[in-house]
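Here is a short report for a first look. Please view the sequence and the model before reading on.

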Amino acid sequence: MSSNIGPEAQAAYQKYLDANTIEEKIRRLEEYLSLIPKHKATEKIVALNKSRLAKLRREQEAQKTRTKSMGKLVSPFSIKREGLQLILISDYYSPGVGKTSLLNLLTGAAKEKIGKFTPLPEIGIYEYNKVRYQIVDMPSIMEGAASGIGNGKEIISQLRACDLICFCVDLSRNYKEQMDLLLKELTESHIRINIPPPPITIKKTGSNKIQVFYLTSEAKENDNIEGLTERIKEITSAGGIHNGIVKVFGKIELNHVVDTLNPSIAYKKAIILGTKGDLSLTKNTFYDLKDQYSEHFPLIIGTSVKKKEIPEDFGKIVLSFLKKMKVYTMNKGIVSSKPLLLDGNQPTIRDVAIKIHRSFLESFDHAIVIRKDARQEKKKVGLDYELNENDIIELHTK
Ligand SMILES: Nc1nc2c(ncn2[C@@H]2O[C@H](COP(=O)(O)OP(=O)(O)O)[C@@H](O)[C@H]2O)c(=O)[nH]1
Ligand SMILES: [Mg+2]
């Protein structure tokens with residue numbers, strides 16, 4: 001035990017070692033962690049024990065689902081995905097924030113549910129430039145949702161899987177109260193908003209202990225890479241993985257290792273939709289909202305369903321916020337009617353091949369790209385060819 005840790009914390013640690021049940025172990029370990037002073041010298045021990053804690057929580061969750069899954073029905077909250085999934089959320093208040101109204105404006109669905117309490121998700125399809133967006137109007141999020149109040153668990157588990165969370169905020173009410181509640185419940189549910197996942201992956205293997213690879217020059221930039229490797233190994237092993245491959249793609253902190261080991265953490269993109277922008281004084285509220293949250297939320301949009309105001313190219317705005325690019329595939333000269341969405345800033349033919357089927361990558365010979373506004377409209381290209389929006393691509397295999 002490190003000398004940086006006081007006697008009170010040491011006693012708590014002993015109680016953790018003596019604990020008999022998972023619940024008690026979790027409680028004791030939390031207590032211990034709260035008693036460790038947080039600074040550079042204790043950083044490693046904190047990360048190590050957070051990792052232990054995450055492992056215990058996983059065991060506890062697994063135990064719970066085992067008990068629950070006996071005789072369980074399909075939940076009305078589990079939604080069959082179609083296209084890009086956008087979920088509208090808001091706090092619970094009467095009258096409502098305007099989620100169902102927005103759903104109806106975008107998709108035409110659920111008109112009869114406007115102004116009514118909706119205990120289950122309502123769903124509609126919004127289409128823009130041939131891209132389909134599934135809009136899900138979730139029941140309001142109540143205080144305590146993170147611990148299950150008001151179907152909180154079901155709602156949050158859907159949020160984990162969606163493409164975009166839309167925080168709906170009533171501009172005629174106190175916006176901070178609404179944002180605080182939503183951020184609190186999501187944070188407590190380990191949903192991280194608008195931050196990239198840490199540049200590290202950890203995969204379990206059958207044997208060979210834990211191996212750590214630094215795959216970029218940024219990842220290798222470290223004065224004490226041996227020390228870092230040792231710490232990563234310790235934390236990974238404390239998190240329950242004794243054989244595995246750790247890949248590091250950038251600059252990391254020990255906390256990143258802990259987070260990566262915790263499967264309950266989800267990294268989600270989110271925007272804010274201000275609602276009821278037609279009501280008096282909402283213009284100022286909207287500017288204040290933007291002022292206060294634009295650092296955390298790069299996209300904040302004002303709307304009014306009453307005046308039918310929402311950006312005409314809402315779909316395009318969402319697509320570019322999600323950094324997705326739309327291209328079309330072609331087969332035997334026939335262009336598919338449905339676009340293909342590619343991730344990232346500069347996708348290439350390789351991304352198209354992978355997206356369609358990995359086997360295309362192995363048997364790839366060349367691709368034909370048709371670009372409408374290019375001087376040479378039709379081009380024969382290789383895997384690294386960089387694509388533009390609306391390119392038409394035909395893959396040819398060997
Ligand atoms: N003035 C105004 N009222 C709105 C607007 N959008 C919704 N409402 C009203 O707000 C109330 C709640 O709307 P609803 O869509 O059911 O909210 P939800 O509970 O979040 O689904 C209804 O009476 C709507 O007519 C808007 O843009 N402007
Ligand atoms: Mg509603």
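The report below covers a ligand shell, a sheet and a helix pair.

This is a predicted model: local features need pLDDT of at least 70, side-chain atom pairs count only at pLDDT 80 or more, and totals for chains, interfaces and linings use all residues. Residues are numbered from 1 along each chain as its sequence is written, while chains are lettered from A and ligands numbered from 1 in the order written.

Ligand 1 is surrounded by 17 residues (C-beta atom, placed from the backbone, within 6 Å). The closest are G96, G98, K99, T100 and S101. Helix 4 (residues 99-107) gives the largest share, 3 residues.

The shell around ligand 1 splits by class as follows.

| Class | Residues in shell |
|---|---|
| Nonpolar (Ala, Val, Leu, Ile, Met, Phe, Trp, Tyr, Cys, Pro) | 5 residues |
| Polar (the others, Gly among them) | 8 residues |

An open sheet has 3 strands in the order 6-8-7, with mixed pairing (at least two DSSP bridges between two strands). Strand 6 (200-204) and strand 7 (210-214) stand at the edges with a single partner strand each, so one side of each lacks a neighbour in the sheet. Strand 6 runs antiparallel to strand 8 (residues 244-248), joined by 5 bridges. K203 has I245 in strand 8 as its bridge partner.

Helix 1 (residues 7-18) packs on helix 2 (residues 22-35) at about 165 degrees, axes 8 Å apart (lines fitted to C-alpha atoms over the stretch in contact; angles from 0 to 180 degrees between N-to-C directions). Helix 1 is therefore roughly antiparallel to helix 2 (over 145 degrees).

Technical notes: Helix = DSSP H or I, 4+ residues; strand = E, 2+ residues; numbered from the N terminus. Parallel < 35°, antiparallel > 145°, perpendicular 65-115°, else oblique.
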